[in-house]
Amino acid sequence: MTTDDASAPTPSTPTHERAIRSYVLRAGRMGTGQQRALAELGPRFVLPYQDTPLDPGAVFDRQAPLVLEIGFGMGDATAQIAAKLPDHDFIGVEVHTPGVGALLKRIGEQELTNLRIVQHDAVQVLEHMIAPASLAGVHIFFPDPWHKKKHNKRRLIQSPFVAKLVTRLAPGGYLHCATDWQPYAEQMLEVLSAEPTLQNTAEGYAPRPDYRPLTKFEARGLRLGHGVWDLVFKKR
């Protein structure tokens, strides 16, 4: 899951100059399997942050459509999608070490070769590591909804971020967001619909695409009558 920055600006950083961030750090425990995966698989599958654009062909040793996932949480859906779409390459961005370890463990267990991880702020990754018009798609699944109205400004899906994001999409590339919080879904629909370079693929919310798996948490919520909203927009 992605989150927005909940930290207050430091005295030396005026509020109006604070940069957008895609997360807030939270403590988490590491299992032995995750720790082992970090040690053994991290050097191969975790890409170090850099301030120059990646060369996907060199990273994956092939040319294939590239999809960026922002905030993959514990990585279960990410691994399932990468396994289901072997003809695509994926870069998952997540700041939380337990999630990175969990996804590395799945990479090892499923022998996935089309998936890499960057453990860094997604906004900076997007700005510096992803070349313009290089992405076939972007996934943002269940970002932190920041339920309280006074915290809504911390949500990731806001017009300035979306404007930056679409510059990295190739023409015809897609942006797929999903949320289980209706007020956030309504905000997402409003923000994405207002971006002139994006076009909705549905009349409002989209059916869940086949490639996005139903998570256990999501399935439980649906059984309890909770809603889930998918939004799929394409770059004109």
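In this predicted model, the axes of helix α5 (residues 122–129) and helix α6 (residues 159–166) come within 10 Å and cross at roughly 35 degrees, where axes are lines fitted to C-alpha atoms, for helices over the stretch in contact, and angles run from 0 to 180 degrees between N-to-C directions. The crossing of α5 and α6 is left-handed, that is, the near helix is turned anticlockwise from the far one by less than a right angle. Val123, Leu126 and Glu127 of α5 are in contact with Phe161, Lys164 and Leu165 of α6, contact being defined as heavy atoms within 4.5 Å. The residues of this contact comprise 4 nonpolar, no polar and 2 charged; Ala, Val, Leu, Ile, Met, Phe, Trp, Tyr, Cys and Pro count as nonpolar, Asp, Glu, Lys and Arg as charged, and the others, Gly among them, as polar.

Residues are numbered from 1 along each chain as its sequence is written. Local features need pLDDT of at least 70 and side-chain atom pairs count only at pLDDT 80 or more, whereas totals for chains, interfaces and linings use all residues, and side-chain values use heavy atoms, with hydrogens and water left out.

The chain has 8 helices and 7 strands, which are DSSP runs numbered from the N terminus (helices H or I, at least four residues; strands E, at least two). Of its 236 residues, 48% count as buried, meaning under 20% relative accessible area with a 1.4 Å probe and protein chains only.

Glutamate 94, in the loop between β2 (89–93) and α4 (97–110), is buried because its relative accessible area is 4%. A polar atom of the side chain of glutamate 94 lies 2.8 Å from the backbone nitrogen of glycine 73, and a polar contact of 2.7 Å joins the side chains of glutamate 94 and histidine 96; a polar contact is a pair of N or O atoms within 3.5 Å, and within protein one must be able to donate a hydrogen and the other to accept it, while residues adjacent in sequence count only if both atoms are side-chain atoms.

Methods. Buried < 20%, exposed > 50% of the residue type's maximum accessible area, 1.4 Å probe, protein only.
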